[in-house]
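Me: I would like to learn how to read individual features of a protein model. May we work through a case together?

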Amino acid sequence: MLCPFVAGPRNGGDARDSDAKLEEAVGLARAIDLDVRLAQTAPLRRITPATLVGKGVVERIKAAVEEQGIGLVVVDDKLTPVQQRNLEKAWQAKVIDRTGLILEIFGARARTHEGRLQVELAALDYQRGRLVRSWTHLERQRGGFGFLGGPGESQIEIDRRLIGERIVRIKRDLEGVRKTRAVNRAGRKKARLPTVALVGYTNAGKSTLFNRLSGAGVMAKDLLFATLDPTMRSIKLPNGRGCVISDTVGFVSDLPTHLVAAFRATLEEVIEADLIVHVRDIAHPDSEQQRADVEQVLRDLGAFDEGAGRPLIEALNKIDALSLEVRGILENRAATGAERARQYPVSALTGEGIDQLLEAIGAFLSHAGEAREVSVPLSDGATIAWLYRHGEVRSRRDEGDTAWLTVALDEAASAQFERRQAR
C-alpha cells in the first residue's frame with residue numbers, strides 16, 4: 001500500500017515539535033506495514049470546512065497521488081465524514097484520519113477475546129459517525145410495514161440500527177469482562193496482593209520493563225502499539241513482599257475519547273492500582289509533552305490527581321540512549337531535585353537502575369499498607385462504607401455512638417479521607 005502523509009498541527013493547539021509529530025505519524029503507518037512513500041506537514045492556519053486543509057494543499061497532494069500511483073492517504077488529524085468524502089473524491093484514493101489509523105493498528109494487534117471486543121466497540125462507534133447521507137447507496141428506501149405503506153426504512157437507518165444493536169451486545173459482553181476483573185481484584189485484595197500498573201506513551205518501553213521486572217516473555221519491539229492486550233504477573237520485591245504487576249496498552253497524543261471509553265474495562269486495572277509507574281522514554285525529544293499527554297488520559301480516567309496524593313512514580317527509561325553528560329544531569333536532578341523519590345532513571349534494556357526502582361516500589365507499597373486507627377460517628381454510614389471500599393479494615397469496635405476502625409489506606413485514599421473528615 002502506498003501512503004503519503006499529511007500531518008497538520010493546528011496553530012497554537014499543540015506544543016509538540018512538528019518533526020516529532022510527523023515521525024510519530026509515519027511510525028503509526030508503519031505499525032501496520034504500510035509502505036510510506038511521502039511524508040510531509042501542512043500547517044493549518046485556517047480550517048477549511050469542506051476539506052480541512054486549503055485548496056493549495058489538496059492540489060499538491062493530488063499531484064503526488066497521481067504521480068506515484070498512491071492508493072491510501074492518511075491525514076494525521078480528525079476528519080469529519082464530509083471532509084473524508086471530499087478528499088477521497090479530490091484525490092481518487094482511500095483517505096483515513098488519525099482515529100481510523102489507530103483503529104486499524106488496534107484491530108491488527110488485539111489477540112484476546114476481550115481485546116477484540118474492545119476494538120470492535122470502538123470501530124463500530126467510529127463507523128456510526130461515518131454514516132452520512134452524502135453516500136448515495138445509503139439513501140435507498142426499503143418497504144414499510146403495516147397497511148399505511150410509506151417510504152419505509154432507508155438503508156442508512158438500517159445500518160445505524162444494526163450497528164446500534166451490535167454495540168449493545170458488545171457492551172453487555174464487556175460488562176461481564178468488567179465483573180470478572182472485579183472478582184479477580186477482590187481475590188487479590190483478600191490475599192493482600194497489591195497491584196502495580198505500568199502506564200506510558202506507546203513505545204516508551206513498558207513491555208521491555210515489564211519483562212525485566214517479571215521475567216515474562218511479552219512481545220517488546222521498537223514499534224508503536226507493539227502490544228495491546230494487558231498482561232499481569234506476580235513478582236517478589238526486595239523487601240520480601242509480593243505484588244502483581246500489570247502491563248497496559250500504551251497511550252498516544254490525541255487519543256480519541258471513544259477509544260478510551262472502549263478500553264475502560266482494561267484500564268480499570270490502572271484506576272484500581274495501588275501504585276502507578278509511569279514509564280517515560282526520557283531520550284525522546286518530546287518526553288515532557290508525552291508526559292503531559294499520558295497524565296491527561298489518566299486524569300480523564302480518574303486515575304491521577306495531583307491534589308489527591310495518588311501514588312505515582314516515574315521510571316525514566318532508556319538512559320542507555322543518553323550521552324554521559326545528559327545522563328549525569330538527569331541522575332543528579334532525580335536524586336536531589338523537587339522530583340526526588342518520584343523519578344527513577346532506568347534502562348529496561350540493560351537493567352541499570354532496576355534494583356532501585358524495585359526498592360522504591362516496595363517502599364511505596366509498604367507505606368500504603370500501614371494501618372491506623374480512625375473514629376467515625378456511627379450515624380455517618382457513608383464514610384464507614386467508604387473506608388471498607390477504599391481501604392483494608394483490619395479491626396473494628398463500636399463504642400457508644402462511635403465506630404473505631406483500624407484501617408490501611410494508600411496515599412490517595414488517605415488524602416481523600418482527610419478531606420472527608422475536614423468537611
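This is a predicted model: local features need pLDDT of at least 70, side-chain atom pairs count only at pLDDT 80 or more; totals for chains, interfaces and linings use all residues.

Me: How far apart in space are Ala39 and Ala25?

Reply: Their C-alpha atoms are 8.9 Å apart, while 14 residues separate Ala39 and Ala25 in sequence.

Me: Let us turn to the sheet of six strands. In what order do its strands lie?

Reply: The order is β6-β7-β5-β8-β9-β10; the sheet is open and its pairing is mixed. Its edges are formed by β6 (231-236) and β10 (343-345), each of which pairs on one side only. On average, neighbouring strands of this sheet are turned by 25° against each other, direction ignored.

Me: In which sense do β6 and β7 pair?

Reply: They pair in the antiparallel sense, and six bridges link β6 to β7 (residues 242-247). As one example of a bridge, Arg233 has Ile245 in β7 as its partner.

Me: Which helices should I examine against these strands?

Reply: One is α7 (residues 206-214), which lies across β5, β6, β7, β8 and β9 and runs at about 155° to β7. Another is α10 (residues 287-301), which packs on the sheet and touches β5, β8, β9 and β10. The direction of α10 makes about 150° with that of β8.

Notes:
Residues are numbered from 1 along each chain as its sequence is written. Side-chain values use heavy atoms; hydrogens and water are left out. Two strands pair if DSSP finds at least two bridges between them. Helices (H or I, at least four residues) and strands (E, at least two) are DSSP runs, numbered from the N terminus. Axes are lines fitted to C-alpha atoms, for helices over the stretch in contact, and angles run from 0 to 180 degrees between N-to-C directions. Contact means heavy atoms within 4.5 Å.
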